[in-house]
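Hi,

Here is the structure I promised to pass on.

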Amino acid sequence: MELFPPYSSDWLALPSPSLSQQQKYWLFRPGALTAGLREIGNVQLQVVREQAQGLHSSEAWMLDGVPRSPIWLREIVMSINGTQSVFARSFTPLNASHGLWQGMRRLRTRPLADMLYHDSQITRSQFFACRLKEQNPLYRSVRRMMGNQCPPAHRMLARCSVFWRQHQPLLVAECFLPEFWALADE
C-alpha cells in the first residue's frame, strides 16, 4: 500500500538536499536499523513505554486510520556502547496488536526487527524522513524520556515506514539522537 503524507506534513519521501551523505544514508537505509547499529558497536535496547492510547491526528495518515482510534504503542531507546542513539516509536491498531501484530506485545527488550524480517507476508512502505518539530509526537516522546537533557527538536532527524501484514499496518518511526552522528562517524 502506498502512503501519501498530507500536504501539511513535515515527512518527506525524498531526502532534503541540506542533509549530509551520512544523514541521507541512515535516514533511507533499507533493512533492519538494529543490524546497522550493531555494525557500529554493542546495542542495548530499553523499553520506555508500552500502552494502549489514541492515534494522534498527525500520525493518522501513516496507518490510513482515524484520529483518536485505539492503538498499541511501544517506545524504546537503543544505546550504542552506552550512548543513547536512537529513539523508536512503533504502533499498530489495538485490534491488530491482539491479532496479526500480537508479537509486538511480547518482545520485551528484543528489537522489533526480530519479528519483521523473517516473514514473507510482511511488506514495507517507502521511507519518509523529517527534521523534528516541537509538536511532533515522536519529539514529545523523546522529550518525555530525556527531560531537561532533551536537545531542541530541530537537532533531531527521524525516519518512518509502515510494515503491512494482510492489510494490517505497523508503523515504525525512528529518531536519531544527536549523539548518534559522532558514533556513526567513527
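First, a term: a cavity here is a set of points, on a 1 Å grid over the protein atoms alone, where a 1.4 Å probe fits but cannot get out, and its lining residues have an atom within 4 Å of a point. Bear in mind that this is a predicted model, where local features need pLDDT of at least 70, side-chain atom pairs count only at pLDDT 80 or more, and totals for linings use all residues. Residues are numbered from 1 along each chain, and side-chain values use heavy atoms, without hydrogens or water.

The largest cavity is lined by 21 residues, with T34, L112, A113, V172 and E174 nearest its centre. By class, that lining has 13 nonpolar, 3 polar (Gly counts here) and 5 charged (Asp, Glu, Lys, Arg) residues. Elements supplying at least two lining residues each include α2 (33–40), β6 (157–165) and β7 (168–176); helices are DSSP runs of H or I with at least four residues, strands runs of E with at least two.

Q44 is partly exposed, at 31% relative accessible area. Beyond its neighbours within four places in sequence, Q44 is in contact (heavy atoms within 4.5 Å) with residues including V77, I80 and G82.

Cheers

How values were computed: On a 1 Å grid over the protein atoms alone, a cavity is a set of points where a 1.4 Å probe fits but cannot get out, and a pocket is an open set with protein on both sides within 12 Å along at least five of seven lines; lining residues have an atom within 4 Å of a point. Buried means under 20% relative accessible area, exposed over 50%, partly exposed in between (1.4 Å probe, protein chains only).
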